[in-house]
Amino acid sequence: MNCIDVFNGDADGICALQQLRLHQPQPRARLVTGVKRDISLLARLTETATSRITVLDISLDRNRDALAQLLEQRNSIFYADHHYSGDIPESTLLEAHINPSPHLCTSLIVDRLLSGKYRTWALAGAYGDNLDEVAGVYGGEINLRAEEMQQLREIGLLLNYNGYGFSLEDLIVHPADLFREVQQYADPFNFHQNSAMLQKLRLAYARDMAEVANLRPFRIYPTGHVFWLPAATWSRRVIGVFSNQIARDEPDMAHAVLTTHPDGSLLVSVRAPLTTRAGADTLCRQFAAGGGRAAAAGINRLPVHEVETFCTMFSHHFSP
């Protein structure tokens with residue numbers, strides 16, 4: 001049976017797949033991935049039949065029609081995710097492990113399924129999803145040193161950084177190539193020390209993040225801040241890690257980061273206050289092309305004439 005691995009091109013998708021393939025290698029699997037916001041990945045497989053498909057870290061709700069078609073075509077599908085799913089189809093061909101808890105990510109869901117067998121990779125994925133406190137608890141349970149936790153955090157940060165962009169051309173490394181690099185290392189600490197590809201990401205990240213040092217909010221509200229980044233390649237790459245950084249800097253506040261598409265529409269990244277990790281998804285789903293998780297969500301294309309509407313709704317949405 002053909003094997004196809006479909007995964008979000010960020011840290012969580014990559015680290016979830018790394019655990020599964022360490023546990024059950026599939027060296028000939030076809031890899032289907034893309035930039036982090038390219039989540040309608042199952043639509044690429046509509047001609048596929050009688051294959052084994054693994055789907056990681058993409059919303060079932062946003063892939064519902066393609067999933068139904070793939071099930072009709074007798075594909076066997078394993079689906080793990082932590083985004084809003086809506087109703088999950090009932091099929092003997094579908095094994096779904098979906099939990100939208102704001103304290104979980106797909107890597108941690110897979111970690112539970114594998115009884116913690118590859119937990120260090122799961123923690124790298126959790127750090128990439130800004131679940132630092134959760135990762136710290138799990139790391140303490142297996143007696144990781146502070147230095148080791150910091151190395152896993154940097155892996156997650158850099159894998160996540162690489163996933164953001166409007167197109168594959170914006171990325172430093174294609175996510176499929178990055179997974180193939182990761183796949184060579186059963187031990188993430190060996191990966192941290194020896195991967196030339198990770199070093200490439202480390203240097204690019206430092207250059208890009210130097211650009212954000214002087215950014216100031218576009219709108220300031222009692223409940224949170226909205227940033228509007230300039231139209232530049234570096235801003236398209238940092239939107240996710242910058243959003244996570246400012247959320248950590250002010251954990252009681254909500255944050256939104258806007259970046260301009262070439263057509264003038266906006267990519268929006270929203271972070272709920274870390275103290276609640278709630279409400280980002282319900283705000284974003286009120287807009288076309290919006291969705292995500294309770295703690296972190298986004299809008300893929302917000303028309304520029306809706307910016308003030310979004311800002312007003314943002315300012316009220318996170319009010320006590």
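Here is a tour with a few stops, starting with some ground rules.

You're looking at a predicted model, in which local features need pLDDT of at least 70 and side-chain atom pairs count only at pLDDT 80 or more, while totals for chains, interfaces and linings use all residues. Residues are numbered from 1 along each chain as its sequence is written, and side-chain values use heavy atoms, with hydrogens and water left out.

**Stop 1: the sheet**

Helices (H or I, at least four residues) and strands (E, at least two) are DSSP runs, numbered from the N terminus. Two strands pair if DSSP finds at least two bridges between them.

Select the five strands that make an open sheet with parallel pairing, in the order 2-1-3-4-5. At the edges sit strand 2 (30–32) and strand 5 (94–98), each pairing on one side only. On average, neighbouring strands here are turned by 10° against each other, direction ignored. For angles, axes are lines fitted to C-alpha atoms, for helices over the stretch in contact, and the values run from 0 to 180 degrees between N-to-C directions.

Now pick strand 1 (residues 3–7): three bridges join it to strand 2 in the parallel sense. Show valine 6, and you'll find its bridge partner in strand 2, valine 32. Strand 3 and strand 4 are also parallel, paired over five bridges; arginine 52 has serine 76 in strand 4 as its bridge partner.

How many residues of strand 4 are buried? Five of its six, where buried means under 20% relative accessible area, exposed over 50% and partly exposed in between (1.4 Å probe, protein chains only).

**Stop 2: two crossing helices**

Next, select helix 6 (residues 146–163) and helix 9 (residues 196–210), which pack at about 75° with their axes 10 Å apart. That angle makes helix 6 roughly perpendicular to helix 9, a label for angles of 65 to 115 degrees.

Show side chains where they meet: in helix 6, look for residues including Leu157, Leu158 and Tyr161, and in helix 9 for residues including Leu198, Leu201 and Tyr205. Contact means heavy atoms within 4.5 Å. By class, this contact has eight nonpolar, one polar and three charged residues. Ala, Val, Leu, Ile, Met, Phe, Trp, Tyr, Cys and Pro count as nonpolar, Asp, Glu, Lys and Arg as charged, and the others, Gly among them, as polar.

**Stop 3: a helix with two faces**

Move on to helix 5 (residues 132–141) and colour its buried residues: Asp132, Val134, Ala135, Tyr138 and Gly139. They cover an arc of only 160° around the axis, so they lie on the same side of helix 5; the arc is that of the directions from the helix axis to the C-beta atoms.

What do these buried residues pack against? Helix 3 (106–113), helix 4 (119–128), helix 6 and helix 10 (233–249). After helix 5 comes asparagine 143, with a positive phi near 60°.

**Stop 4**

Serine 243 is in helix 10. With 1% relative accessibility, serine 243 counts as buried. Leaving aside neighbours within four places in sequence, serine 243 touches Val238, Val257, Ser269 and Arg271.

Finally, zoom in on glycine 224, in strand 7 (residues 224–228). Glycine 224 is buried, with a relative accessible area of 0%. Draw a C-alpha to C-alpha distance from glycine 224 to alanine 272: they are 48 residues apart in sequence and 9.0 Å apart in space.

Notes. Parallel < 35°, antiparallel > 145°, perpendicular 65-115°, else oblique.
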